[in-house]
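Please read these comments beside the sequence and the structure.

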Amino acid sequence: MRYHSTRSLDQQLTSREAVLQGLAADGGLFVTDELPELHIDPASLTGGYAGAARRVLGTLLSDFSAEEIAGAVEAAYGNTFADPAVTPVTKIGSMHLLELYHGPTAAFKDVALQMLPQLMSRALAGTGRRLVIATATSGDTGKAALEGFADVPGIGIAVFYPDGGVSAIQRLQMATQKGNNVEVAALRGNFDDAQSAVKALFASPLKAELAARNITLTSANSINIGRLAPQVVYYFDAYRQLAEAGVIRQGERIDFCVPTGNYGDVLAGWFAKTLGLPVRRLIVASNANHVLSDFLETGVYDRRRDLVRTSSPSMDILVSSNLERALYYLDDMDPVRTAARMAALKADGIYRIEPELLDKFRAVYGCGWLDDAETSDAVREAWETTGRLIDPHTAVAWKIAQEQASPEVPMVVLSTASPFKFCRDVFNALYGPLKLKSTTPEAAAFEYMDALADSTGVEPPQCLSALRTQSVRFNAVYDVDQAPERVLAAAAKL
């Protein structure tokens with residue numbers, strides 16, 4: 001199986017090489033034209049989550065041996081998740097919740113970012129090469145990547161997040177990160193500024209400077225196919241769980257509602273559908289930065305708007321990188337047209353797709369969005385009507401799922417983070433503002449965490465409550481043009 005850029009056919013790589021490189025040389029994302037020919041029968045999956053992971057990853061990353069995949073799966077999921085099911089499916093009212101937050105950082109990114117270091121380590125073995133990872137985060141990717149790659153031999157990592165653009169708990173998770181090979185930097189600006197800075201690194205002299213030292217610059221964002229492939233697994237495993245519980249029979253279709261900003265999580269669902277999972281609809285749930293909903297409704301992708309900072313910061317994104325892969329596949333796998341659209345987005349901030357292509361998107365994807373007030377109402381409604389405590393991202397998806405669910409087709413809502421990562425917003429939604437004694441955002445966050453736990457009787461994850469005793473290592477704020485310096489700092493630690 002060969003992978004190439006969404007923008008050209010020039011560079012043909014194995015999946016092992018694509019995982020290590022991360023982003024194509026021309027700025028495109030790696031795809032395989034063999035995807036539509038692949039098939040996985042959901043009824044054939046056995047061995048719980050690990051069995052599904054071995055099958056899906058072995059199919060999408062075919063030049064890793066079965067032994068390598070099995071070892072990676074065991075290392076990633078054997079004892080790193082608090083729930084033995086890894087991503088259990090539970091009830092929320094008349095619908096189902098796919099709980100993706102039981103990993104070491106209490107967010108869905110753990111599912112992929114516990115696996116990616118395993119894939120990279122195996123791809124590096126025997127090559128003598130080293131890696132430096134540069135990753136932008138809107139909240140959850142950063143900590144999950146840091147946790148996954150901390151002290152992995154031969155790999156350094158630099159994570160960038162928008163200053164003031166993540167929750168206090170998310171910032172503290174990154175700022176206290178342990179490991180001798182890690183760098184964490186807050187950048188002035190928003191997430192799109194941070195993401196653009198990271199993408200620019202791959203076309204800058206820094207890449208060649210590192211290559212001269214036998215160090216490859218790569219990424220752990222969902223632009224990396226090694227990040228996207230593990231996310232396909234939990235769609236198949238959710239279906240397996242529902243079938244084993246008798247909720248559905250094999251072959252019956254289901255819907256998924258996905259809170260997403262960068263499009264990777266919902267695109268993984270499309271990969272699952274293409275591989276043979278009986279998915280009827282994938283519903284894209286957005287917050288007030290509803291550039292994706294607008295695109296799916298009008299066929300116009302327009303990032304020329306102000307970014308709104310919301311209570312669901314992981315969706316505060318205006319340039320959704322993985323939409324490029326969706327465009328490529330649904331537009332008859334034409335790299336020339338994909339490249340032209342991405343060039344227009346970079347130059348003009350806007351592109352339009354043809355009505356025929358928009359119809360292809362609408363045949364698969366639904367959409368909807370909530371503002372912060374509606375999100376707060378949804379958090380409260382979920383608690384009062386179902387007894388489920390959910391975070392703002394999940395609340396956006398749950399409310400939109402209610403509006404678009406069909407009684408004939410089971411609806412699965414992806415729950416992407418613990419509510420205690422956003423304890424201030426969740427507590428305020430349920431009980432109103434707390435009269436604080438604290439003078440710092442971090443101390444206030446723990447006041448809210450304790451109040452939320454006391455008021456609801458729900459215990460916060462240990463990985464979050466333990467943050468109050470950990471020392472801050474990374475506290476500096478940098479300009480965007482200082483990003484290369486931080487990457488070099490990570491490389492020096494190798």
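1. The model is predicted. The remarks here should be read with that in mind.

2. UniProt, in an unreviewed entry, places the feature "domain: Threonine synthase N-terminal" at residues 2-77. In the model this span is 42% helix and 5% strand, and its end C-alpha atoms are 27 Å apart.

3. A further feature in the UniProt record, also from an unreviewed entry, is "domain: Tryptophan synthase beta chain-like PALP", listed for residues 99-404.

4. The domain assignment draws its bounds in its own way: domain 1 consists of 89-104 + 245-415, and domain 2 of 428-469. Between the C-alpha centres of domain 1 and domain 2 there are 29 Å. Seven residues from domain 1 and seven residues from domain 2 form the contact.

5. How much area is buried between domain 1 and domain 2? The value is about 610 Å², and carbon and sulfur atoms give 75% of it. On the domain 1 side, Arg 380, Trp 383 and Leu 389 account for 69% of the area that domain 1 buries against domain 2, more than any other three residues.

6. Helix H13 (residues 323-330) packs with helix H14 (residues 335-348) at an angle of about 145 degrees, and their axes are 9 Å apart. The crossing of these two helices, H13 and H14, is right-handed.

7. Which residues meet where H13 packs with H14? H13 brings Glu 324, Leu 327 and Tyr 328, while H14 brings Pro 335, Thr 338, Arg 341 and Met 342. By class, the residues of this contact are four nonpolar, one polar and two charged.

Note on methods
Residues are numbered from 1 along each chain as its sequence is written. This is a predicted model: local features need pLDDT of at least 70, side-chain atom pairs count only at pLDDT 80 or more; totals for chains, interfaces and linings use all residues. Side-chain values use heavy atoms; hydrogens and water are left out. Axes are lines fitted to C-alpha atoms, for helices over the stretch in contact, and angles run from 0 to 180 degrees between N-to-C directions. Helices (H or I, at least four residues) and strands (E, at least two) are DSSP runs, numbered from the N terminus. A crossing is left-handed if the near helix is turned anticlockwise from the far one by less than a right angle, and right-handed if clockwise. Contact means heavy atoms within 4.5 Å. Ala, Val, Leu, Ile, Met, Phe, Trp, Tyr, Cys and Pro count as nonpolar, Asp, Glu, Lys and Arg as charged, and the others, Gly among them, as polar. UniProt positions are given in the numbering used here, feature names are shortened, and annotations may be inferred rather than shown by experiment. Domain bounds come from an automatic or database domain assignment. Buried area is the accessible area (1.4 Å probe) that two parts lose on being put together, summed over both.
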